[in-house]
Amino acid sequence: MKYQQVALFSLTLISYCCLVLVNVAVIVTIILDNNMHEPMYILLCTLCMNGLYGTAGFYPKILWDLLSSGYVISYSGCLVQAFVMESFVCSDLSILALMSYDRYVAICRPLVYHSVMSKKILLMLVSFSWFTPFCISAVNMILASRLKLCSQYIARIYCINWIIVKLACFPAETIVNNVVANIRIIIFSFQFFFIVWTYVYVVKTCVNCSENRAKFMQTCVPHVTSLLIFTVTILFDIFNMRFGSNLSPTIQNVIAIELLIIPSIMNPLVYGFKLTKIRIRILGAFNLKNEMHHCM
């Protein structure tokens, strides 16, 4: 195995371990602390779980490829990876939309917050935020599986549905794929504009109330940061797919990977540092571990 390949494998493994560590730390902290069994923290836990799900569709495969010195994937494996990537990105946006709705109700309609965001309703909303992207992604995967491809080369470090459809021998066969893809774009564009709409009302409510401004800075700023990170990375990826043909393969792959890595590792870090309860619990766990080590 070449030195560069060993170095790349080591860096990839370290980044994956760090990503898993920060997400698991937030998930476990929220699960173990009964005081955090509130909608905002449950949705954050869901967002971190989705980050682990999406990166699991990429990291194990690329680590295996780096070990085996071959970048090959079966057609069925490519379809499954495309399903995971697509459902991960769409679920991320759905969960961010739920988080914005949660903050809207908490700040703009506080008197009905506990009835509107009850555990039963929250469970239904979270299930819907995962179920809808999974169904749409499954339909896209099934439609792509029926296509006859004229090339075995995927011009990307991981498989996505749009790249697979572009390889079809007969463009007329991709009409249904394009229709479903456009429906998906409409659905998730609506979610994005819904997020913008909720924050317009939240900002209006917070302008003249110092208590609401404090709540906004504490709980909404991390969400807005996560949303901006997601938006920037997804836009970079879209421009890369549409107009990145003149870029070198290395730059194209870096842009493709940042969609997976940056949101998945930044979300738990942003919330972990900003939300007091999570920060105190995680730092407390480390301090307890250090005290036990000194006692021994």
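1. Asn-177 is buried, because its relative accessibility is 2% and buried means under 20% relative accessible area, with exposed over 50% and partly exposed in between (1.4 Å probe, protein chains only). The residue lies in helix H8, residues 175–207. Helices here are DSSP runs of H or I with at least four residues, strands are runs of E with at least two, and both are numbered from the N terminus.

2. A word on the basis. This is a predicted model, in which local features need pLDDT of at least 70 and side-chain atom pairs count only at pLDDT 80 or more, while totals for chains, interfaces and linings use all residues. Residues are numbered from 1 along each chain as its sequence is written, and side-chain values use heavy atoms, with hydrogens and water left out.

3. What surrounds Asn-177? Setting aside residues up to four places away in sequence, Asn-177 touches Asn-140, Leu-143, Ala-144, Arg-146, Leu-147 and Val-165. Contact means heavy atoms within 4.5 Å. With Arg-146 there is also a side-chain to side-chain polar contact, at 3.1 Å. A polar contact is a pair of N or O atoms within 3.5 Å; within protein, one must be able to donate a hydrogen and the other to accept it, and residues adjacent in sequence count only if both atoms are side-chain atoms.

4. The overall fold is helical: 11 helices and 0 strands. Of the 296 residues, 44% count as buried. Among contacts between residues at least 6 apart in sequence, 76% join residues at least 24 apart. The protein exposes about 16,300 Å², and carbon and sulfur atoms supply 72% of that area. Accessible areas come from the Shrake-Rupley method with a 1.4 Å probe; for residues, only the protein chains shown count as cover.

5. The largest nonpolar core has 69 residues; Ile-30, Leu-44, Phe-58, Met-99, Tyr-158, Val-202 and Ile-278 touch the most other members. Such a core is a set of buried Ala, Val, Leu, Ile, Met, Phe, Trp, Tyr and Cys residues joined through side-chain atoms within 4.5 Å. Helix H4 (residues 75–108) gives the largest share, 19 residues. Beyond its neighbours within four places in sequence, Met-99 is in contact with Leu-43, Leu-44, Leu-47, His-223 and Tyr-271.

6. How many disulfides does the whole structure hold? The search finds 2, a disulfide being a pair of cysteine sulfur atoms within 2.5 Å. One is formed by Cys-78 and Cys-159, with sulfur atoms 2.1 Å apart. Cys-78 sits in helix H4, and Cys-159 in the loop between helix H6 (119–145) and helix H7 (161–166), 81 residues apart. The torsion about this S-S bond is about -115°, so the disulfide is left-handed. Both Cys-78 and Cys-159 are buried.

7. Cys-150 and Cys-169 form a disulfide with S to S at 1.8 Å. The torsion of this pair is about 135°, so the disulfide is right-handed. Cys-150 is in the loop between H6 and H7, Cys-169 in the loop between H7 and H8, 19 residues apart. Cys-150 is exposed, at 57% relative accessible area.

8. With the bonded cysteines numbered in sequence order, the pairing is 1-3, 2-4. Cys-18 is in no disulfide; the nearest cysteine sulfur is that of Cys-17, 7.0 Å away. Cys-18 is partly exposed, at 37%. Cys-45 is also in no disulfide, and the nearest cysteine sulfur, that of Cys-48, is 6.9 Å away. Cys-45 is buried, with a relative accessible area of 7%.
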